[in-house]
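Hi,

Here is the structure I promised to pass on. Have it open while you read, and my notes on what turned up in it follow below.

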Amino acid sequence: MGAIKSHINTIILNESIMKHATAESIREATGADIDKCYQCGKCTAGCVLADNMDYPSSMIIRMLQTDDKENYKKVLSSEAIWLCQNCENCIGRCPKEVDIPKIMDYLRAESIKEGLVSPKAKSVLSFYRSFLDSVKMSGRLSELVMTIDFKLRTFHLWQDVKLVPSMLAKGKLKFIPESIKDTKGIKILFKKTITSK
Amino acid sequence: MWLQRNWDCNVILSKLIPYKVSNIMSRIGVFICHCGENISATVDCERVAKASSEMEGVEFATDYKYMCSDPGQTLIKTAIKEHHLDGVVVGSCSPRMHEATFRRACSEAGMNPYLCEIANLREHVSWVHEKCEATTNKAIEIVHGLVEKVKRNRPLDAIEVPVTKKALVIGGGIAGIQASLDIANCGQQVILIEKGPSIGGHMSQLSETFPTLDCSQCILTPRMVEVAQNPNITLYTYAELEKLEGFIGNFKATIRLQAKSVDDSKCTGCGLCTTKCPQNNIPSEFNEGLGTRTAIFTPFPQAVPNKPVIDKEHCKYYQKGKCKVCQKFCPTGAIEYDKPDEFITEDIGAVVVTTGFNVLKTEFFPEYGYGKYKDVINGLQFERLASASGPTLGEIRRPSDGQIPKKIVFIACCGSRDPAKGIPYCSKICCMYTAKHAMLYQHKVHDGDSTVFYMDVRAGGKNYEEFVRRAVEEDHVNYVRGRVARVYEKSGKLIVKGVDTLMGAKPVEIEADMVVLATAGVANKGAEELAQRMHISYDPYHFFTEAHPKLKPVETNTAGIFLAGACQAPKDIPETVASASGAAVKVVSLLSRPTLIREPLVAVVNRCAPPLFSTCVGCFMCQTICPYQAIEREEIKDRKTGKVLKVIARINPGLCQGCGTCVSFCRSKSIDIQGYTNEEMYAEVTALLNK
Amino acid sequence: MKIGFYPGCSLQGTAREYNESVKAVAEAFDIDLKEIEDWNCCGASAAHSVNKDLSLALPARILALAEKQGIDEVVVPCAACFNRLAVAQYELNEDAAKKAETENVIEMTFNNKVKIINVIQFIDKYIKDKIADKMTRKFEHKVVCYYGCLLIRPHKIIGFDRVEDPMSMDELMTTIGASSLDWGFKTECCGASLSIARTDLVAKLSGNIIKDATERGAEAIIVACPMCHSNLDMRRPQIDEYVGKEIPTPVIYITQAIGLAVGVAPEKLGLQRHFVKVNTL
């Protein structure tokens, strides 16, 4: 069980745990308070992907609560944060209303920033990047552009190729990407947000 | 003009009662307490004492470490005698703590206790400011204000009020039963009222009690019978408190006796009517909806009184005008329809509130099915299943198909410790009764498999921890640490999605035959209205508030009204019984005094010499706004002819609570509060403003 | 009757039939859908998963455009777009500083008061009461209604229906004569945007949903989200592999079901565009 094997090393309680640095930075960035979590596990119990996660959601919160540098690194390098789909079932049931989806968004952004994205999650992040590349280009998603972009990023060249004929026949695949008029505005929008960081 | 008139009155009054008003004649003593370090850590007490000694009218000033202690009080008493003091200001903690202490000390030294005032240097100064000169200056200013007030204080005498030697206990559960018996056995009269048709409360619904696994009804019913037979207890069931007026020692309670449609004096309790009633599919409240009852019913066989009542909402006669079968069959002609509710009024000396609590129903939980799954039940429903007198005669069976469940899941903390659901508190008893339920299940279903999903196990009472370990170690109940995200039904089974946090947050899924939710303890329906009717405080969850959580756990902030049992907070039976006995002794101590001493800090309408008699013009605006109905009409008559010369307001010193509303309302400024007169207050405020 | 309309990217492409059925139903009930001009992509899962500011800016641009075009209420059939717009609106209303920042990014100011409703709210508000009059054929089938995640959660912000066991779609289906069954996966995630990157997980999650639905005897699954539809329909081969047998149960949009009940032709509702054949209805 991945979750247990990784915690053999002892956590040495040092000053940082007294300062609650991790909790503070998360609270500042997202408004979510990990100190509220009392580890009941209801989030994990209701998470449809918990079985597939290296660290399920309640475990991630616990690792953040320990304020330990090693644990924080493990969280940012985990596959779990990229599997999470923000279905919001966890916060819907959490008795302390800990905003786990918001924390996941934050951890994902931090993971990219620190260059710690798990290799297992490469395809997931590639998908998001391809999606946004397409939107940046024309203001709207072109499934064709996105798919090509995705295949170039991941080299899953033959994936879903079987679907193309039926998609075409059903009129669901557009060859000519739709574009909005204000593409300039979109480029500025992207520049001021994601590309500036 | 009116101010002139008021002052004229005071001049006249001061000629009638020898009284010192000028500064030169005052001999005030100022005593500044360090309160250990509570005050002295922030305030320079020595400087305050020195400054006080220089104030006009102050004869003696000193400071001391613990003024409330024995030597401290002796210091005050000695100073009063040696320096012939006629007023005392103590700079100390809040008057709510030690005003009574210091006033008693002054009284023992021969000085009227109402010539002693407390300057709050702790809650108003040292506890809210940093240590600096300004803080000490503030302390000095406050002392100065009170010195000026005390100069105008008049000696007052306490008011004596008679005490009605009868107690009212509201609620007939184990708390009410215990309190009633304890008070009655001290020789005092008790009226016990219970909303339902029988006393007994939730304890009568339980199968066995932890940690001894005593049969609940076996230990309860003898007490219930004792209540019925005790000559000092008057029991009214199907009764509710309609109104409560008056004050400590002198309450007047109006009680509504709901029409039972059965004449208790004729009914023998044979029960024939209940077997003949055609309306027999009404969900039984006593069985928490798992069984049925008839419209004319006794809730359970050991009910006290063991006489049925008719539930008007479900009775065919009351709803449609037909039937009347019970009347036809009753051998003693005890059925009487269409009687109105009766109202009785009783004079009461003290009230004990023992209205108990309730537990949430399964409908409250969206993630466990909104109450639509028949085999998801709450703890109280499980008690009914486990009870030998319950709907399944003590066998654990599924409500849906009557089968015996082979796999049962208990979910602890349902609703409790859950701010998202509006219940942040712990309900205290669920960990224990869940262990009990699991043990009972294992005892009854030997090949059964039980799992408890828990967060923490709270077993703090005597023998409680051992009891829970017994469940785990001897009865092999499966304890899994983690909560359950959801429960849904599939093909007659209940799918439980939980987690084992001790295994590194591993999801756990169980296909159960029955799920028991340990739901949160909540205040009873109608608790808020009852609290408002009695003018007692309650918290945001509608549990009644005790006067002080540690030092006054069975009193309320309303004098003469006491609390016991779960209406104050969720409790187990031992604590409930202990608190009931505690409340009982408070009641007995109150009722065993010949009279009650009340503080004289009440409002008074001024009187002066004829032909004015009083500046009051008799407009009675004060009467309309007095919250305690304490204002009466007084006719001033000519002594010879008996002719009514003037009608003015008179404040009943027995009812007045000294709130001061009439003082501010009175247009002619004819009312003043003893101990807080306008003159005293103006002097204090002026001194504070003039520094 | 006029109402603003935000189709979103999927309705132009893979969820084309959803677009067609929404338009057909609106037409049948004399509702004029005014599409927001020059609308952009809302960012869906991709934006909020990688950058917070981007995830607020893209929906903000759409809301600002709607306001400028005089639209005060907009129906958003795609559940993901609906969720992103509603959440962005809420967050920008709560944080004035963030709103000012975002207005700078999109180079437009706006009051942020446009009312955003999803397709079920739209039907409940403007169509539900008129269905009985226009009904030509009862939808007499046993169905399960699959709500997915984003129509209902986060409940505090969306404030629509109940968070567990919602009933709004079930009630609509009952109105058109269907028998809406109780089942255990109403609001469990289908796998969402893992469709391409982790098709195996979508097969598992959507597979569990289809399994429960069919085991309870459902003849069709009703959805109101193009992502859910795609995962349950387009990914059926992978689901069949996960479950271990071929499952023919079709998945249709709520607007298609209503369209059928009020006599709109199946082709107009795009039913032929589904991967899993819809001929049993």
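In chain C, the side chains of C:K268 and C:E27 come together in a salt bridge, with N and O 3.2 Å apart. (A salt bridge here is a side-chain nitrogen of Lys or Arg within 4 Å of a carboxyl oxygen of Asp or Glu.) The rule finds two salt bridges across the interface of domain 1 of chain C and domain 2 of chain C.

Before going further, some housekeeping: this is a predicted model, where local features need pLDDT of at least 70 and side-chain atom pairs count only at pLDDT 80 or more, while totals for chains, interfaces and linings use all residues. Residues are numbered from 1 along each chain as its sequence is written, chains are lettered from A and ligands numbered from 1 in the order in which they are written, and side-chain values use heavy atoms, with hydrogens and water left out.

Back to chain C and its two domains. Domain 1 covers 2-119 and domain 2 covers 131-273; such bounds come from an automatic or database domain assignment. Taken over C-alpha atoms, their centres are 23 Å apart. Between these domains of chain C, six residue pairs are in polar contact, both residues being at pLDDT 80 or more. (A polar contact is a pair of N or O atoms within 3.5 Å; within protein, one must be able to donate a hydrogen and the other to accept it, and residues adjacent in sequence count only if both atoms are side-chain atoms.)

On the side of domain 1 of chain C that touches domain 2, helix 1 (9-12), helix 2 (16-28) and helix 5 (79-94) of chain C each supply at least two residues. Helix 2 of chain C gives the most, with 10 residues. (Helices, H or I with at least four residues, and strands, E with at least two, are DSSP runs numbered from the N terminus.) By class, that side of domain 1 has 17 nonpolar, five polar and four charged residues. (Ala, Val, Leu, Ile, Met, Phe, Trp, Tyr, Cys and Pro count as nonpolar, Asp, Glu, Lys and Arg as charged, and the others, Gly among them, as polar.)

How much area is buried between the two domains of chain C? About 2,200 Å², with carbon and sulfur atoms giving 71% of it. (Buried area is the accessible area, with a 1.4 Å probe, that two parts lose on being put together, summed over both.) C:E17, C:Y18 and C:F29 supply 24% of the area that domain 1 of chain C buries against domain 2, more than any other three residues.

Phi of C:D30 is positive, near 60°, and the residue is not a glycine. At 59% relative accessibility, C:D30 counts as exposed. (Exposed means over 50% relative accessible area, buried under 20%, and partly exposed in between, with a 1.4 Å probe and protein chains only.)

A:Q39 has a positive phi of about 60° although it is not a glycine, and A:Q39 sits in the loop between helix 3 (21-30) and helix 4 (42-46) of chain A. Is A:Q39 buried or exposed? At 17% relative accessibility, A:Q39 counts as buried.

Then there is helix 5 of chain A (residues 57-65), which is largely enclosed by the rest of the structure because eight of its nine residues are buried. Among those buried residues are A:M59, A:I60 and A:I61. After helix 5 of chain A comes A:D67, with a positive phi near 60°.

Next, chain B against chain A. 23 residues of chain B are in contact with 21 residues of chain A, contact meaning heavy atoms within 4.5 Å. The area buried between chain B and chain A is about 1,600 Å², and carbon and sulfur atoms give 62% of it. In chain B, B:R483, B:A485 and B:P507 lose the most area to chain A, together 27% of what that side buries. The count is one salt bridge, and B:E367 forms a salt bridge with A:K42, the closest N and O atoms being 2.6 Å apart.

Finally, chain B has two cis peptide bonds to find: B:V304 to B:P305, with omega about -5°, and B:P610 to B:P611, with omega near 5°.

Cheers
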